[in-house]
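The sequence and the model are shown first, and the description follows.

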Amino acid sequence: MIRRFLQRFYLVLIFILLYSPIVTLMVLSFNSSKSRSKWGGFTLKWYERLFQNDQIMSALYTTLLIALLSALIATLIGTAAAIGIHSMKKKYRTIMMGVTNIPMLNADIVTGISLMLLFIAFRFSLGFSTILIAHITFNIPYVILSVMPKLKQTNVSTYEAALDLGASPLYAFFKVVFPDILPGVSSGFLLAFTMSLDDFIITHFTKGPGVDTLSTKIYSEVRKGIKPEMYALSTLLFLSVLLLMILVNLAPDEKKGRHPAASGVSKRQAVSTFVLKKVVPAVMILLITISGVFYASRDKLSSDNQVIVYNWGEYMDPQILELFEKETGIQVVYEEFETNEIMYPKIQSGAIAYDVVCPSDYMIQRMIQNDLLAEIDYTNIPNIKNIGQTYLDQSRQFDPENKYSVPYCWGTVGILYNKTMVTEPVTSWSILWDPKYKNNILMQDSVRDAFGVALKYLGYSLNSTDLDELEAAKALLLKQKPLIQAYVIDQVRDKMIGNEAAIGVIYSGEAIYTQSENPDLEYVIPQEGSNVWIDSWVIPKNAKHKKNAEAFINFLCRADIAKMNFDYITYSTPNEAARELIKDEAIRNSPVAFPSAQQLENCETFNFLGEKNDRIYNQMWREVKSR
């Protein structure tokens with residue numbers, strides 16, 4: 001009795017561990033609130049938006065199409081290679097198998113970077129074709145590994161007998177050898193399909209702008225907060241796989257169905273077997289192919305009248321892109337990044353020719369120094385008149401002659417705190433080191449922001465290059481680390497809205513949004529001072545559509561467009577004409593969105609400190625994160 005109970009309890013526990021995350025995900029797909037920690041009521045709108053979201057649907061079909069094509073091509077090449085290797089002498093066969101096994105044992109990141117460098121060296125444009133070639137490349141060894149054991153089991157005498165009877169080598173192969181190795185070929189195809197479907201690292205290094213698979217799309221979403229549409233997609237994928245498994249398991253056994261009259265299997269069961277084993281897979285492959293071709297035909301990279309934009313995640317109203325395309329006829333290929341440090345190597349390598357990029361102040365300075373930017377022709381940007389002179393003057397700190405950049409958004413870094421959890425006045429960075437808030441503090445996962453906070457708290461400049469000052473800041477961050485709940489970027493938004501933490505370091509634009517979702521939240525710029533940042537549009541030197549890029553920047557500088565964008569992203573706009581269009585006086589004069597000169601008195605803009613100092617900062621940050 002006890003034994004039976006323990007067996008059932010163990011079974012139930014296993015099912016809970018396996019399926020509770022999936023059930024949680026499914027529940028969230030019906031939550032009307034975007035926040036994972038806040039239930040806003042039942043809704044089906046995320047499923048509706050899923051099929052309206054071209055980016056997610058395109059990523060889904062691209063994933064399936066690449067997996068299918070790469071698996072098919074890799075199976076053909078891998079099977080042929082396995083036959084060739086099998087026909088070699090034992091010594092050479094062993095060497096060749098060792099060579100083919102190396103890619104499987106190699107780290108994916110090494111393979112991904114190697115392929116990316118190879119494509120760059122041969123001047124391949126990163127995109128769909130490079131992902132496909134990369135997937136075929138890493139899938140071939142898995143096919144060889146699956147086919148080789150079956151080849152070893154084939155009877156060579158039977159093949160030779162077929163040749164002696166007059167059969168051609170090709171005919172003899174397909175009639176004698178191929179049926180024996182078919183299980184291995186099928187296994188190789190399925191393994192290749194699965195590997196391609198799951199791959200992220202190699203895809204990440206070989207993809208270009210406007211091309212995403214589900215893995216790369218989900219990765220980009222995780223960094224800024226997963227959209228609820230992803231929950232809906234994951235739910236549908238899980239239910240689809242579950243349904244297919246049920247259908248396959250319910251299907252009659254083919255062996256029993258070969259002689260319906262003898263086995264008693266009805267004609268209806270035979271039809272059912274045919275539909276499930278033949279028709280359903282064929283329809284799935286046809287659907288994947290047609291859908292993939294459909295989305296490929298809509299690929300904006302095929303058009304020359306385009307502008308390729310590289311921007312921060314969730315940093316532009318999607319409707320603005322649609323309006324720009326409608327008014328100008330220029331197609332927008334839109335790509336997102338998470339940090340300046342991720343963006344910079346892509347621009348520096350020249351692997352992808354972006355037309356418009358939105359770096360931060362210090363990174364623009366670095367790009368100017370390294371001759372990566374083209375001068376902007378302001379005759380093509382008449383709407384520059386709407387940008388306040390104050391912001392153009394501040395931009396001179398990193399772009400001395402205003403030749404390379406146009407301000408887009410600006411703001412501050414400060415403390416967001418929950419008034420129900422923090423009762424004392426918050427005026428200083430010192431609260432981030434208060435032991436009573438242990439495991440309730442969220443810190444920015446950014447080297448410059450984290451060190452900027454510590455340096456300002458110590459009374460130093462956030463652009464300090466003094467080793468003693470940096471060591472003191474590092475020691476302060478190490479002292480703080482046991483109190484930290486998590487190092488985050490955009491996730492601070494959801495956590496603070498959901499009351500998961502008491503205090504968080506956040507950008508002012510994010511603070512405005514969180515306050516609209518949770519009125520208990522308050523934002524302050526500490527008295528020691530902070531960072532005033534400016535994100536601006538620049539045009540890389542290798543841009544292929546410079547005039548289109550300038551037309552895009554001019555469009556964003558239009559007062560009504562800038563106002564529309566401000567309403568969506570809630571980050572402060574340097575566009576004074578747009579600010580005048582804000583009807584809500586509380587927002588137009590918000591001390592969070594538009595702080596006074598007194599609030600900004602001790603604030604600084606980040607500067608590029610040189611490659612040597614960058615390495616010092618990064619090394620110290622690694623030491624903080626690794627301890």
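Predicted model: local features only at pLDDT ≥ 70, side-chain atom pairs only at ≥ 80, totals over all residues.

## Helix 3 and helix 6

The crossing of helix 3 over helix 6 is right-handed. Sorted by class, the residues in this contact are 21 nonpolar, 8 polar and 1 charged.

## Overall composition

The chain contains 27 helices and 9 strands. It has 627 residues, of which 48% count as buried. Of the contacts between residues at least 6 apart in sequence, 75% join residues at least 24 apart.

## Nonpolar cores

In soluble globular proteins, nonpolar side chains tend to be buried together. In this chain, the largest nonpolar core has 123 residues. Within that core, L432, W537 and F552 have the most contacts. The element that gives the most to this core is strand 4 (residues 406-418), with 8 residues. There is also a second, separate core of 21 residues, which includes A71, M97, I136 and I140.

Apart from neighbours within four places in sequence, F552 is in contact with V307, V309, M316, L321, F324, V332, V356 and W537.

## Helix 23 and N548

Helix 23 (residues 546-556) contains N548. This helix is mostly covered, with 8 of its 11 residues buried. The buried residues are N548, A549, E550, F552, I553, N554, F555 and L556.

N548 counts as buried because its relative accessibility is 15%, and the cut-off for burial is under 20%. Not counting residues up to four places away in sequence, N548 touches N305, Q306, V307, F324 and I330. Two of these residues, V307 and F324, are also in contact with F552.

## Helix 15 and helix 24

Helix 15 (residues 318-328) and helix 24 (residues 559-569) have axes that come within 9 Å and cross at roughly 155°. Helix 15 is therefore roughly antiparallel to helix 24, since angles over 145 degrees are classed in this way.

On the helix 15 side, P318, Q319, I320 and L323 take part, and they meet I561, M564, N565 and Y568 of helix 24. This contact has 6 nonpolar and 2 polar residues, and no charged residues.

## Helix 20 and helix 27

The axes of helix 20 (residues 467-480) and helix 27 (residues 611-626) come within 10 Å, with a crossing angle of roughly 25°. Helix 20 is therefore roughly parallel to helix 27, as angles under 35 degrees are classed in this way. The two helices form a right-handed crossing.

Helix 20 contributes L467, L470, E471, K474, L477 and L478 to the contact, and helix 27 contributes I616, Y617, M620, W621, E623 and V624. By class, this contact has 9 nonpolar and 3 charged residues, and no polar residues.

Key: Residues numbered from 1 in each chain as written. Heavy atoms only, no water. Core = buried A, V, L, I, M, F, W, Y, C linked by side-chain atoms within 4.5 Å. Buried < 20%, exposed > 50% of the residue type's maximum accessible area, 1.4 Å probe, protein only. Helix = DSSP H or I, 4+ residues; strand = E, 2+ residues; numbered from the N terminus. Contact = heavy atoms within 4.5 Å. Left-handed = near helix turned anticlockwise from the far one by under 90°. Nonpolar A, V, L, I, M, F, W, Y, C, P; charged D, E, K, R; others polar. Axes fitted to C-alpha atoms, helices over the stretch in contact; angles between N-to-C directions. Parallel < 35°, antiparallel > 145°, perpendicular 65-115°, else oblique.
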